[in-house]
Amino acid sequence: MPRIEIDGTTLHYEDTLRGERAVLLLHAFPLHSGMWADQLAALADHRVIAPDARGLGQSSPAAAPCSMARLAEDARALLAALGVDRAAVVGLSMGGYVAFELYRRAPGLFQGLVLSDTRPGADSAEGRAGRERFAQTALDRGLGWVADEMLPKLLRPGAPAATAARVRAWIADGTVEGVAAAQRAMAARPDSGPTLPTITCPTLVMVGADDALTPPVEAEAMACAIAGSELVSIPDAGHLPCVENPAAFNRALRGFLARLPA
Ligand code: MLT
């Protein structure tokens, strides 16, 4: 498993080293690159790069408070270190928040953008307070509590037990410090609403049809605000369509990637 030192943190990442065109996969909270296993396998004709965000998966926690800006700079530094100057960027939920930040900092890097199960808006004061409570409780009660809290939000009702077990295991791979830091970083994220009309690269918005956390109605509004974007709803999936219905997710993703101009 490759690792790289970036700004005082050791980041773990996957890199398939296949194909000429690069795809950067940015995962959801509180998971890691393992959630992209089906995409890493399916995108055989692309170079697929998928980092674990600081503090999650096998990447070490941030020494200092984390932020979407830090996570975006991590992704940018990783691509630069790997010699990749253009990529299709796929961000799911928290990964989408990072993708917005990365777009603001380096729009020329984007060959295309896929926003899955994410939202542009910042948190309300109540939302920020909820994230701080979550961070404190995670530190007190551990990753088992984090998994119990998150699983019903991440997966559609009635998701197979095997899928829930996979997601639980990914959460267990992190650290409570990393989980708390990521929650606090999301709480402090800026409003990306004003970024949407500035996005000029080809964009695909995807959403699990049963996503309760970032519901389809929000995906529709986001797609409307990005000129020329496409919207695809993934059936039989909640907040993690790449995991819950990888066949439909990959079909939409591969079709989008195939249509990207050189
Ligand atoms: C995620 O799936 O990345 C998070 O649930 C997003 C969030 O908490 O806003």
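**The ligand pocket**

In this predicted model, the largest pocket comes out at a volume of about 330 Å³. Its lining is made up of 17 residues, and those closest to the pocket centre are R131, M150, K153, Q183 and L213. Looking at where the lining comes from, the elements that contribute two or more residues are α3, α4 (125–141), α5 and α7 (176–187). By residue class, the lining splits into eight nonpolar, five polar and four charged.

This pocket is also where the ligand turns up: the space the ligand takes is the largest pocket. For the shell around the ligand, the elements giving two or more residues are α3 (94–105) and α5 (143–154). The shell itself consists of A28, F29, S93, M94, Y97, R131, M150, L154, M186, L213 and H239. Sorted by class, that gives eight nonpolar residues, two polar and one charged.

A polar backbone atom of F29 sits 2.7 Å from a ligand oxygen. On the side-chain end of things, S93 places a polar atom 2.8 Å from an oxygen of the ligand, and an N or O atom in the H239 side chain is likewise 2.8 Å from a ligand oxygen. Taken on its own, the ligand has 270 Å² of accessible area, and the protein covers 93% of that.

Conventions. Residues numbered from 1 in each chain as written. Predicted model: local features only at pLDDT ≥ 70, side-chain atom pairs only at ≥ 80, totals over all residues. Heavy atoms only, no water. Near = heavy atom within 4 Å. Polar contact = N/O pair within 3.5 Å; in protein donor to acceptor, adjacent residues only side chain to side chain. Areas by Shrake-Rupley, 256 points an atom, 1.4 Å probe, with all protein chains shown as cover. 1 Å grid on protein atoms, 1.4 Å probe; cavity = no way out; pocket = protein on both sides within 12 Å on 5 of 7 lines; lining within 4 Å. Sits in = over half its atoms within 2 Å of the grid points. Helix = DSSP H or I, 4+ residues; strand = E, 2+ residues; numbered from the N terminus. Nonpolar A, V, L, I, M, F, W, Y, C, P; charged D, E, K, R; others polar. Points joined across faces, edges and corners; volume = space filled by probe spheres on them.
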